[in-house]
Amino acid sequence: MINDIHRLDAEVRLRPVTPADAPSLAVALTRSRAYMQPWEPVRPDTFYTEQGQQERLAGMLADRDAGRVMPWVLADEQDRVVGAFNLNGIVLGPFRSGVLGYWVDVEYAGRGLATAAVERICESARDELRLHRVEAGTVLDNVASQRVLAKCGFEQYGMAPRYLHINGEWRDHRLFQRILHDGPLMG
C-alpha cells in the first residue's frame, strides 16, 4: 500500500506523492485556502506557489526516504491533486507510532474520501510499517474531521490546551488514537 495506488471512488485514488505534484498541489491549496483557514496554520503566500510546493515536497520526500514520513495525495482522473495525507513523526522501536494529518480539496469534501483514505493508511501503517498506533489531533470545533476519525476507529484520549498555532492563535486540540494491533513487537 505504501507505494501502491488505491481507487477510493469512481474518480479519486490515493497514491504516493511525487515531486511532479507541486503545480497541482499549489492549485488545490490555493482553491481550498479559505475553506481550510480555520484548521490550518497561517502560511506565507509563497506556500501556495509551485515553487513553495516544490521546496516543501523536497523536504517531505527526504523525510520519507529517512523513514520519518509517509506522504500520499488524493488524485482525480486527470491526476490533479485534490487532497493530501501524511503519516508524520514515524517512530519505531518500542513506541511504533505515527501522527496522521490530512486535508481534502473544498470541491471534494463531504464525499467520504477522507474516511476511505484514513482507513487505507491505517491498514498500511499496521501491515507494512508494523506500527502499534496512529494518533491525530483536531481543533475542538473541527467536527467533520472528528467524524472521520471516529468512523475509522479512532478514540479520543485527551485534550491538549494551546496545542498548535492554528489560524493565527494557539488552539486547543482533541487528541485521538487508533491502536492498530497488540501483537508482539517486530522489526
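A nonpolar core is a set of buried Ala, Val, Leu, Ile, Met, Phe, Trp, Tyr and Cys residues joined through side-chain atoms within 4.5 Å. Buried means under 20% relative accessible area, exposed over 50%, and partly exposed in between, with a 1.4 Å probe and protein chains only. The model is predicted: local features need pLDDT of at least 70, side-chain atom pairs count only at pLDDT 80 or more, and totals for chains, interfaces and linings use all residues. Residues are numbered from 1 along each chain as its sequence is written, and side-chain values use heavy atoms, with hydrogens and water left out.

**View 1. The largest nonpolar core has 32 residues.** L74, F85, L87, L100, V118 and F154 have the most contacts inside this core. At least two core residues come from each of strand 3 (70-75), strand 4 (81-91), strand 5 (97-104), helix 4 (113-127), strand 6 (133-139) and helix 5. Helix 4 gives the largest share, 7 residues. Helices (H or I, at least four residues) and strands (E, at least two) are DSSP runs, numbered from the N terminus.

**View 2. L87 and its contacts.** Contact means heavy atoms within 4.5 Å. Not counting residues up to four places away in sequence, L87 touches R68, V69, M70, W72, G98, V99, L100, A125, L129, L131 and V134. Another core, of 16 residues, lies apart from the largest one; L25, M36, F47 and A84 are among its members.

**View 3. R31 in helix 1 (residues 22-31).** R31 counts as partly exposed because its relative accessibility is 34%. Its side chain makes a polar contact with the side chain of D105 (2.6 Å). A polar contact is a pair of N or O atoms within 3.5 Å; within protein, one must be able to donate a hydrogen and the other to accept it, and residues adjacent in sequence count only if both atoms are side-chain atoms. Beyond its neighbours within four places in sequence, R31 is in contact with V81, D105, V106 and E107. The C-alpha atoms of R31 and V82 are separated by 9.9 Å, with the two residues 51 apart along the chain.

**View 4. S145 in helix 5 (residues 143-151).** S145 has 11% relative accessibility, so this residue counts as buried. Neighbours within four places in sequence aside, S145 is in contact with Y102 and T138.
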